[in-house]
Amino acid sequence: MTSTPASAAQQGIWINERIAPLGSVHHMPFAVRFEGPLDPVVLAAACADVVDRHPALTLIVREEDGVPLLAPGPAPVLTVRDTTPERLPDELAAASAEPFDLAAGPPVRLTLLRTDTTRATLLVVAHHIAFDGTSTDVFLSDLAACYAHRTGGGPALAEVVSADLPEPDARAIAAASAHWADRPLPGPAVQLPGLDPGPDGTGGVGPGAAVDFDLDPALRADLVDTADKVGVTFFELLLAAVHTLLLRYGNERPAVTVGLGTRAPGAADRIGMHANELPVVTAPEPGTPFGEFARTVRAELRGCYPHRRVPLARAVQGVRPGLSLAPVILTYRRRIAPVTFPGVRTSIDWTLFPGTARGALRFHLLDGPDRLRVLLVHRTDLPSPVRADRVGAHLRRLLAAIAAAPGTALADLTFLTEAERAPLRGPEPARDAPGATLPALLARSFAAHAARPAVTVGERTLSYATLATAASGLARRLTTAGVSPGTVVAVCAERSAEMVAAVLAVTLAGGTYLPVDPTYPAERVESVLADAGTALALAQRSTAHLVEGHGTTLLLDDLFTRHDTDGAPLPLPTPDDLAYLIYTSGSTGRPKGVEVPHGALAHLLLAFRDALAVGPDDVWLAVTSLSFDISALELLLPLITGGRVVIARESETRDGRALAALVERHGVTHAQATPSGWRLLLDGGLAAPVLTALSGGEPLPLPLARRLRDRVGRLWNVYGPTETTIWSTAAQVPPEPDEVTIGRPIAGTTALVVDLAGHPVPHGVIGELALGGAGLARGYRGLPEHTAERFVSDPVTGARHYRTGDLARIRPDGALDCLGRRDDQIKLRGHRIELGEIEARLQEHPAVAAAAVAVRGDDGDPAGRLLVAYPVWRADAPVPSGAELRSFLGRTLPDAMVPGVVHPLAALPLTPNGKTDRAALPEPARGTPEPEPTGDAPEADDAWDELATEIAAIWCEVLGLPAVGRDDDVVDLGAHSLTITQAAARIRDRLGADVPLHVFYEEPTTVATVTDAVVRELLAEEA
């Protein structure tokens, strides 16, 4: 049997088919629908004529020493059968998906489905190993001509002349390698509407669906004119538009796998596989005009043309063969004029979807002569599939904007609907919210609940009347001392009733309270006081030294034993007056003072009063440092609603058992804490079926949410930066949750997800969360540039909002996912990594109670930097080894995101606000000892060493290398698809182990890993 080597492109298809089941991903079905007196016998003969003209339609593939060879095989024949109009769609789908046996052939199936005597559909299903897009045109043209000739309506076709280009030689591969050497390659992930971020298998295959539409003919005509004016082809303009869309979806380096034809100049009338796919990667600046960018895309695309016959895996060492070089794929084909069959009317379905999709999204564009057909193919088996319908709508609007004004900057091209551009809105504010201030709310509560208990500290409980008398008396002393609206008064007190009364007194006096945590370092306290310009402080004898030198200090120790009834009348601050000034960490290392007005604070308190339905019978536990803004909610919300607040002492805030005992002893109904704080409580034995728990300040991991939800009556996940007054969104977590979101905006609050230029991104796309509404702070004290940078106004509506720096996306149900900090994103050895994602995966391990991840090593030595995991083990679960933990992470994370060192901690270091203190995570020694494995260590296996030596020799043969080390990654040494199959074949022949081909594509592919796979195969055969 005469055989010839498969082309490089055919080798790739054949190898991919062997690595894993691919379904119908390489099937290329199309159909001709006939109406009229079609002669099936003549059609069968015409099909046979076409098969005779094109040897590719009869080829089979056989393997010799791991190399695929092509040989003549059986010819396809037309099968004719009857069906009904109702069954036709299902039969077309089933026949399109039916698998091929490439070793038995043929690679094409021809089926005529007749629905009655005048209507029939010819289905042609070809395997890509023998067929490409142009082959469809050739097949249909030849079939129509042969049918016409056999019915006496046309001449016989001329003989097809062979005109294959030679396969890439060493010179062509070297030239391609030089071309790709200085170009960025696609990454494994992409942002698309609806698609989950992170590693999600988007480079593979799975069941899929397709969305298709025709572009408006008038718009197509305008775009053709636009392409001509800009200086690019229509295809290049469409490719630039797809790159622009990816940019606007948040992909800073858009990458698209593009199908390119590789036919020789004289092979236009031949059926066969003459195509290759290469990536086109751009790095567009958002301010670049579209026309200029389109020319950049043209240059990048045309730079690929001289190398289009060389597969990327052959040209670039270390690139692993795969089904898609980038998660987004684009194919473009110009359609030929409609073919005609004598005596019958025809219509053609140029592309039928066979049911299997590859990558995350494929743009299949069928152009002309007078319309552009767009087919968007996406996988349906992903946890959160791409919303291809919305991608199609965005593409149409973007193309219209390009046609209207191709000189518009990429960032300013419109492609969203009004609904997508509009912010999410929370419920309307409470009826008593407009004009409300904290002093007014307190006065109302003091009058209504004078005899009720207000504050409990230890064994001491104060009534509202007692608290009101002390706070009002101190407020009068403050006004006498010169405090008025806008005056900053520092409050530096231990956790006590005096601390609460001091906060209330500053508020009642119209001043701005500045919380100062006495446990903070003295240098930080000094910096904050100086920056705030405090002229007066409230402190206890034990804390007064911390505020010395910053004006007058009034002591609080005798606050509840003295009675100050004289003094200036208390002012009535307005909603615009400042309620408090609180300092947060600054990106520059300097704390920034956030100025929060009375209106924003009152809005927050009333929003949660209504959302949680709290009232006089509720008891709140206060565990948070006063210098953490969330303390205002747990201290003040109970006091404006007639409830009671139980103050945990400083020593108790770090003792989970003591806090759990407080909850039980006082019948606490509401408490808030960070996830780290809730772990402390749970480990302390918390079991409170009537408790409403609020978790915020850090992401709430799903395992912790499940554990906590099982111990409390209600659980809310709350989110908000200091700059928007404590909490801005909230989500009630159901029992046994499957996911955790940050929910929707609270009353009077708006939320937008925007791109780098501040434009809203589509729902389902990751961007920066921007918050607006009644909770906005005034800005940063004494930092107008920082305020202008983060507190921005919409250029269209004028609405003010705060850019949080947090990554988020809007879900289909209108809730928000928070996906980490934009500035927590790190780059390690070329990989962009979100530490929060790794931490979330770590906390899914049953042995991990809590975890943090950090980059450690010398910033000046990239090779010396590595990811370090800091797990805290659960006491009730077996401790895994570092290797076991990394293996667990490797199930969901790419290698670049799996920490190289595991450094267990007894507990995570926390900031005074209860958040993980990343800066305090220790620097581990390289090779940190891991838990000792149980059982005896296996002795060295001489048989394993012999196998490894033989396998190393095989790699040396196929790679042409003098030596290969046991731990060398052979892909890095130059292995590609063909050499890998050759090695697999020689291992099978010499060692008798038929190792699954996918093993050779797992990272890393080393002599050791392959040897392990051989041992497994041999043991399986013995069993």
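**View 1. Ala854 finds its bridge partner, Val868, in strand β41.** In this predicted model, local features need a pLDDT of at least 70 and side-chain atom pairs count only at pLDDT 80 or more, whereas totals for chains, interfaces and linings use all residues. Residues are numbered from 1 along each chain as its sequence is written, and side-chain values use heavy atoms, leaving out hydrogens and water. Strand β41 (residues 866-873) is joined to β40 by 8 bridges, and the two run antiparallel; strands (E, at least two residues) and helices (H or I, at least four) are DSSP runs, numbered from the N terminus. The 3 strands of this open sheet come in the order β40-β41-β42, with mixed pairing, where two strands pair if DSSP finds at least two bridges between them. At the edges are β40 (848-856) and β42 (901-902), each of which pairs on one side only. Helix α22 (residues 835-842) packs on the sheet and touches β40 and β41, its direction making about 150 degrees with that of β40 (axes are lines fitted to C-alpha atoms, for helices over the stretch in contact, and angles between N-to-C directions run from 0 to 180 degrees).

**View 2. Helix α20 (residues 702-709) has the buried residues Leu704, Ala705, Leu708 and Arg709.** Because these residues cover an arc of only 125 degrees around the axis, they sit on the same side of α20; the arc is that of the directions from the helix axis to the C-beta atoms. Buried means under 20% relative accessible area, exposed over 50%, and partly exposed in between (1.4 Å probe, protein chains only). The elements that cover the buried residues of α20 include α19 (675-683), β28 (688-695), β29 (712-719) and β30 (729-733).

**View 3. Phe235 and Tyr332 form a stacked aromatic pair.** Their ring centres are 4.9 Å apart, with 25 degrees between the planes; rings of Phe, Tyr and Trp (its six-membered ring) pair if their centres lie within 6.5 Å, and planes under 30 degrees apart count as stacked, over 60 as edge-to-face and the rest as tilted. The pair links distant parts of the chain, since Phe235 belongs to helix α7 (residues 234-248) and Tyr332 to strand β11 (residues 328-334), 97 residues apart. Both Phe235 and Tyr332 are buried. The structure holds 10 aromatic pairs, and ring pairs also link Phe30, Phe131 and Phe139 into a cluster.

**View 4. His670 lies in strand β27 (residues 670-673).** With a relative accessible area of 3%, His670 is buried. Its side chain makes a polar contact of 2.8 Å with the side chain of Thr669 (a pair of N or O atoms within 3.5 Å; within protein, one must be able to donate a hydrogen and the other to accept it, and residues adjacent in sequence count only if both atoms are side-chain atoms). Not counting residues up to four places away in sequence, His670 touches several residues, among them Trp620, Leu691 and Arg714, where contact means heavy atoms within 4.5 Å.

**View 5. Glu167 lies in the loop between α4 (133-150) and α5 (170-181).** Glu167 is partly exposed, its relative accessible area being 37%. Although Glu167 and Ser7 are 160 residues apart in sequence, they are 6.7 Å apart in space, C-alpha to C-alpha. The side chain of Glu167 reaches the backbone nitrogen of Ala8 at 2.7 Å.
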